[in-house]
Amino acid sequence: MRAHELAEPYPSVSTDDSALDAARLLAERKLPALLVVDTDQQPYAIVPGSQLIKQLVPDYVLETPHVAAVIDDRHLAEVTEKIAGLTVTQWLPPRTYAPPVVGPDAGALQVAALMARTHTPLVAVIERDGDQVRLVGAITAARLMQRLIGGS
């Protein structure tokens, strides 16, 4: 099975969108990762939800993990405050790499290897026409796993 057959429509956000809106999209749609596109609608970044959550946790909790065990939910307002007013680009982790992408003719094992190497649950499928790049869709780890193990 080829990537264009595995690809499905996947919601994306723009680099200039509100970080808070992007976080809500991730939560409400139960997405495994955020697909960020640039102003030309080309893949800019794919960031797993776990890495975005890390961006929400206050630094003092990350630096001193035992603090997390003693603070309660009254401090959750800090999470929203941390990204209020930020764009998606400003919210992304500082070490964001080029998004994992494949062409429409990539095979399932090629996609699986790319997911494994990049530690991401999402791969964008793109089509090139000269200098133009068009986002066809995305392949989630769940969709790929279905194909690999013969699920429905």
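Colleague: At what relative accessible area does Arg 24 count as partly exposed?

Modeller: This is a predicted model, in which local features need pLDDT of at least 70 and side-chain atom pairs count only at pLDDT 80 or more, while totals for chains, interfaces and linings use all residues. Residues are numbered from 1 along each chain as its sequence is written, and side-chain values use heavy atoms, with hydrogens and water left out. Buried means under 20% relative accessible area, exposed over 50%, and partly exposed in between (1.4 Å probe, protein chains only). Arg 24 is therefore partly exposed, its value being 41%.

Colleague: With which residue does the side chain of Arg 24 meet in a salt bridge?

Modeller: A salt bridge is a side-chain nitrogen of Lys or Arg within 4 Å of a carboxyl oxygen of Asp or Glu. At 3.7 Å, N to O, the partner of Arg 24 is Asp 21.

Colleague: How many residues apart in sequence are the parts that Glu 8 and Arg 143 tie together?

Modeller: Glu 8 forms a salt bridge with Arg 143, the closest N and O atoms being 3.6 Å apart. Glu 8 lies in the loop between helix H1 (3–6) and strand S1 (12–14), and Arg 143 lies in helix H9, so the parts are apart in sequence by 135 residues.

Colleague: How many salt bridges does the structure hold?

Modeller: One of them joins Arg 134 and Glu 127 at 2.6 Å, N to O. The number of salt bridges in the structure is 3.

Terms used: Helices (H or I, at least four residues) and strands (E, at least two) are DSSP runs, numbered from the N terminus.
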